[in-house]
Amino acid sequence: MALSVAVCLISVLSIFASFCHVSCYPDNLTVPPLYRIDLDLSEEERWVQVAKDHKEIVPDVYNVFLSILGKFPYANLTIKAIEAVAADIDNFLPKPYAGEMRGIAKALNMNLGGIVGMNILYDVTAFCTSIVSQDANGQIWHSRNLDYSFVDMLRNITIRVDFIKKNQTVYSGVTYAGYVGLITGMKPKGFTMTLDERDQGAWWENFIIGLLDRRAMPISFLMRDTFAESNNFKEAVDKMAYTSTEASGYVIVGGVNKGEGMIITKGRLMPVDLWQLDPENGRWFEVETNYDHWVPPPASDNRRDPAVKKMNEIGPKNITVDSLLSVMSLPPVLNHKTTYTIVMSAAKPELTKVWVRHYNG
């Protein structure tokens with residue numbers, strides 16, 4: 001009798017565990033739509049379907065952006081800078097981004113300056129938590145939450161994208177409709193990357209630099225270029241660390257081989273710090289939020305310490321999609337500004353999972 005009860009209990013627990021990813025978290029988890037962006041099409045055509053499917057929402061996001069912008073110094077100057085860039089976009093922004101934004105603006109019947117402004121704004125205002133880790137078998141994992149203001153709108157325009165050439169996926173990402181850069185992505189069998197904002201200088205200063213300094217590439221454009229042009233972890237780290245960008249940031253990179261995990265603390269011109277996994281000496285994971293890893297996070301925004309504690313409780317032998325989702329679902333790692341969560345591994349791209357979050361705690 002006792003044996004029968006034990007077997008029954010184990011069966012119930014197994015069923016419970018199999019459904020835990022949809023029922024054991026403090027919010028509803030929904031799956032964003034998947035689009036295929038065909039790089040063999042002209043730049044203006046690539047995002048047309050995405051734009052049309054979100055034509056009721058993207059203009060509203062821009063209006064909220066303008067209302068926020070109006071509260072900060074030099075708002076009028078910034079708006080004029082946006083208009084100047086839009087008027088001469090091919091000379092300010094590199095290919096293919098100028099053409100892609102032009103196509104999106106046309107499909108939405110929006111002012112091109114609005115699309116330009118939204119794309120640069122996302123680069124300098126993202127608050128996030130990213131974790132790169134190595135499990136007991138040597139597999140590299142990468143998980144992240146992306147946090148933004150006006151989260152209710154962004155949840156509704158969160159999408160997955162596969163960038164394809166000759167009908168084959170060359171790299172993938174999670175982004176927002178109307179945004180042509182990438183701050184979350186993967187090159188299958190190559191590497192994963194995420195970008196976390198680094199609070200260096202007022203965001204509107206970085207915004208204007210991003211618009212007007214032609215030597216400094218928007219960091220999300222650089223990240224997408226890196227997915228397109230780099231083949232492995234080392235190439236990705238070198239390109240991201242040593243290319244000038246319009247803002248500082250934290251670039252989290254994961255590879256496919258043991259030890260291939262790094263947090264790049266990036267200045268505008270050069271890396272400030274390169275922090276690589278060192279599993280043999282106990283550093284099998286690294287957590288980055290929006291603060292330099294060598295200084296304590298502020299008490300008012302301490303997402304790092306709860307994430308570190310939870311990762312240590314799980315341990316390298318128990319790393320799975322569900323266990324990493326549990327870390328990313330732990331408040332305050334998960335918070336009311338979280339728009340989506342992703343868990344991915346470049347070595348096994350088929351394990352990638354993305355969820356739109358709906359937490360209001």
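Which element gives the largest share of the lining of the largest cavity? Strand S6 does, with three residues, and the legends below lead up to that spot and beyond.

**Figure 1. The whole chain at a glance.** This is a predicted model, in which local features need pLDDT of at least 70, side-chain atom pairs count only at pLDDT 80 or more, and totals for chains, interfaces and linings use all residues. Welcome to a chain with 13 helices and 14 strands; helices (H or I, at least four residues) and strands (E, at least two) are DSSP runs numbered from the N terminus. Of its 361 residues, 55% count as buried, where buried means under 20% relative accessible area with a 1.4 Å probe and protein chains only, exposed means over 50%, and partly exposed lies in between. Among contacts between residues at least 6 apart in sequence, 67% join residues at least 24 apart; a contact means heavy atoms within 4.5 Å.

Figure 2. Strand S10 (residues 261–266) joins S11 through five bridges in the antiparallel sense, and Met 262 has Gln 276 in S11 as its bridge partner.

Figure 3. Among the buried residues of H10 are Ile 219, Phe 221, Leu 222 and Phe 227.

**Figure 4. The second largest pocket.** About 190 Å³ of space lies here. A pocket is an open set of points on a 1 Å grid over the protein atoms alone, with protein on both sides within 12 Å along at least five of seven lines; a cavity is a set where a 1.4 Å probe fits but cannot get out, and lining residues have an atom within 4 Å of a point. Grid points are joined across faces, edges and corners, and a volume is the space filled by probe spheres set on the points. The lining includes Tyr 97, Lys 165, Tyr 171, Arg 224 and Asp 225. H10 brings the largest share, three residues. By class, six lining residues are nonpolar, none polar and five charged; Ala, Val, Leu, Ile, Met, Phe, Trp, Tyr, Cys and Pro count as nonpolar, Asp, Glu, Lys and Arg as charged, and the others, Gly among them, as polar.

**Figure 5. The largest cavity.** The structure holds two cavities of 30 Å³ or more, and the largest has a volume of about 60 Å³. Arg 160, Ser 172, Met 186 and Ile 342 are among the residues that line it. S5, S6, S7 and strand S13 (338–344) each give two or more residues to this lining. Its classes come to five nonpolar, four polar and one charged.

**Figure 6. The second largest cavity.** This space has a volume of about 30 Å³. Trp 47, Val 58 and Gly 178 are among its lining residues, and helix H2 (48–53) and helix H6 (97–108) each supply at least two. Seven residues of the lining are nonpolar, one is polar and none is charged.

**Figure 7. Strand S4 and its partners.** Eight of the eight residues of strand S4 (residues 140–147) are buried. Both faces are covered, with Ile 140 and His 142 among the buried residues on one side, and Trp 141 and Ser 143 among those on the other. Strand S3 (residues 127–134) runs antiparallel to S4 and is joined to it by eight bridges, with Phe 127 opposite Asp 147. Five residues lie between S3 and S4 in their hairpin, and Gly 138 in the turn has a positive phi of about 90°. S4 also runs antiparallel to S13, joined by six bridges, and here Ser 143 stands opposite Val 343.

Note on methods: Residues numbered from 1 in each chain as written. Heavy atoms only, no water. Pairing = 2+ DSSP bridges.
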